[in-house]
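Colleague: Could you walk me through a helix and some ring contacts in this model?

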Amino acid sequence: MGGSVARGAGAGGEESGSAPGPGGPDTSRGGTGDTTDTGGSAAPTASESRPGLPAGKSGAAGEAASLAARDGAEDGTDGTDGTARGAHTDPKVTGRGAPRRPSTALPPGPAVLRRGAPRPAYVPGRAHPAHEGQFFGRERELKALRGDVERAGLNTISGRKEPRARVLLIAGRPGAGRTALAEELTGQLRDGYPDGVVRTRLTEAGGEPVPTERTAREILDVFGIPTPPGAGEDELSEMVRTALSARRVLLLLDDAVDAEQVDPLVPDNPDCLVVAVAQGPLTGIPDVRPCTLGGMDAKSAIELLATFTGAVRITVDPQAAESLAEECGGQPAALVLAGGWLAARPTASVADVAKRLRSLPHDGARPVGDRPLARAFQLVYEALPGSSARILRLLALAPAGLADAHTASALAGCSVSAARKTLDDFTAMGLLRAPADRAVDGQYLVPGSLVPLLRALMQEKDRPAEVQLARARMLERTVRLLHSCRAVTDPDGSPARKRLAGLPRALRFPNAAAADEWLRSRQRALLASARLAVADGELDTLARRLVAALVRALAAHRGTEAAAPELYGLHQLVLDIAERRKLYREQAAALLNIGDLDAQTGRTHDALARYRAALDAGRAANDLYATGRAMESVGGAHQDLQDWQRAADWYGRALSQRLSRGERADAARLYGRLGTVHTYAGRYGEALRNWRAAVAGYRRLRDLPGQARALSEAARVQEYAGRPHESLRTCQEAVEWARLAGDVRLQAALQLRLADTLDRLGDPTAARLHRSAADLLLGTEGSAYEIRSTSAED
């Protein structure tokens, strides 16, 4: 329950509003396999509560929950609307023939293009704009950019070797075709870069710069290079430069905000090439080669229009076509919208749309260069039916600028099938894109050039309460999909699978593989959704449920170790909410999870600070379990720092609390940890007393393997203390308990321990007998493991 402490075996750490902490039980830092459940369905705070709503829900979140059943029923009306229909692959590789579209933004997240890769498949039933796969004009710019690649740099002219990759800059307004030109250039150059073309976007859909740390992780992920959770920008940027130093890669950085975003990612390898797309200059990057874009020439603009209208409408009135291109300022984004308007009206002439554009009022407050796109968008928007116009406005809320049928369905409160048809219509009109490297998995990209216009319309047309309700519905739908995604991994007949069977068809995955593909392809959007929900501050209960569901889904499909970098950020989000709402129990759980991840990656001092903060939060919550866990973790951090005295002190405090609460299993484990640190400190008498106490504790628990291991460690201490005969007797007793426990591998390892002791006592014949016994137990020679203390090596 929310706000309570549940202790389930084998969960692997605390649960900061989410799923088990990464890495499983961590005996070196106090991980006991217990779970602190502080998220899921936590009770709302007073500031979130509102009478007349379901228990545990409030405001827009409560209304979203009350609409969930209706939405689910609508989702299930179409038998083909199952989630699996959209759960296809999210290819990282696209071929030389991949579509290159004018004025289209790269989808968020990196993609790598390699030579000889296949063209993305056509998706049946999806509207593909007529211009997709074609590129128009910009011959002069392309020639100049290709020339800049070959032109000698300042270092080469002065006789020095180029220390870094060359940076080409394509600058221009959003909608000017910057990304399309960059894609065309990379398509022409990719054969010279055998390790591929890595593309990533440096700006969020809302205009916020993407942190360099996140971009670096995504680039490293393309090459399959694991990244340490919680690593900082400098460390990850260095990892990127190291990875690219041994590769010949073309790096396309789309929509950069400034030079500070680009410079850390430039490889220290002159065999690589960086193509950056930005609105202005990248001051501070040496020897950058800029190419500034204006409007398209009239001939190319008319060719683009002809892909929508057909040749006849252009031929009968070429002057009107030139006039329309001029009204659009030669901007590809505006031309695409005008062409989409004409494509939807086969009887309309080119002169009609040019006249309509001229009749639209000028917005004097808008920069002159932005007016053509704004007017073309206004023309298309005002022609939409009211329901479609509302969906389009609400797509400004799509996380990471990516939307699918479920996102649109939840935002608008309509069925999934209706939402999918509307999104296809928007794509045909040029209002959405179907990104080439994501075209087969049901996602649509909201062009970055249109997001400010959509946000302005949403603020003007929709009441804040309606927008908040739409956002809450979207989050609620995402939570339900994540629950379904995780539940499908449970065994048949489990309670989770039974609940899954009761969900509408559109919210169910047919199998774990389909759920895994859905989670992988939408991971960036899901993480963005969690960040936006936490930043909003008004939907904290839903935000906590979303983070909890996402952590559980990632842990179920990828494992806590593989998903550790993402889990680190999610635990940070839980911590943000807990600190804002003064939820001390959740704060303690989040800090413990983050501390465990810091400790696993060697940042022991950072982990120690987290554990101390968790201890303070646990005390503020009066949560004895959290404080005990934190004290043990503080001891583990001091042990890692080889501060044996402080480690023993903190373990002793944790032991006292466990004993006072009658937690005998935890107490036995802590006796062992105390024995370990005393052994390291050379205090063999204290170490032996604690190991004997651990043996007694395991005996009372009837834990035979634990008793055998504790006896083995006691024998080790006796040997260190110069008492080999006592060590031999203790080890023989441990072998017997291991035999009674039926643990063959433990028994074999203890036989080898006995053999080593007998060698040191000068009895090689008996030692050989015990080694032979170990070999017989295992069936293969030398495969036994050595018994070591629970947290350290000799």
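Predicted model: local features only at pLDDT ≥ 70, side-chain atom pairs only at ≥ 80, totals over all residues.

Colleague: Which residues of α33 are buried?

Modeller: Residues are numbered from 1 along each chain as its sequence is written, and side-chain values use heavy atoms, leaving out hydrogens and water. Buried means under 20% relative accessible area, exposed over 50% and partly exposed in between, with a 1.4 Å probe and protein chains only. In α33, the buried ones are A766, A767 and A774.

Colleague: Which exposed residues does the face turned away from the buried side carry?

Modeller: An α-helix has 3.6 residues a turn, so residues three or four places apart point the same way. Turned away from the buried side of α33 are the exposed R768, L769 and L776.

Colleague: How far from the ring centre of F223 is the charged end of R247?

Modeller: A charge sits over a ring if NZ of Lys or CZ of Arg is within 6 Å of the ring centre and within 35 degrees of the ring normal. R248 sits this way over Y193, 5.2 Å from the ring centre. For R247 over F223, the distance is 4.6 Å.

Conventions
Helix = DSSP H or I, 4+ residues; strand = E, 2+ residues; numbered from the N terminus.
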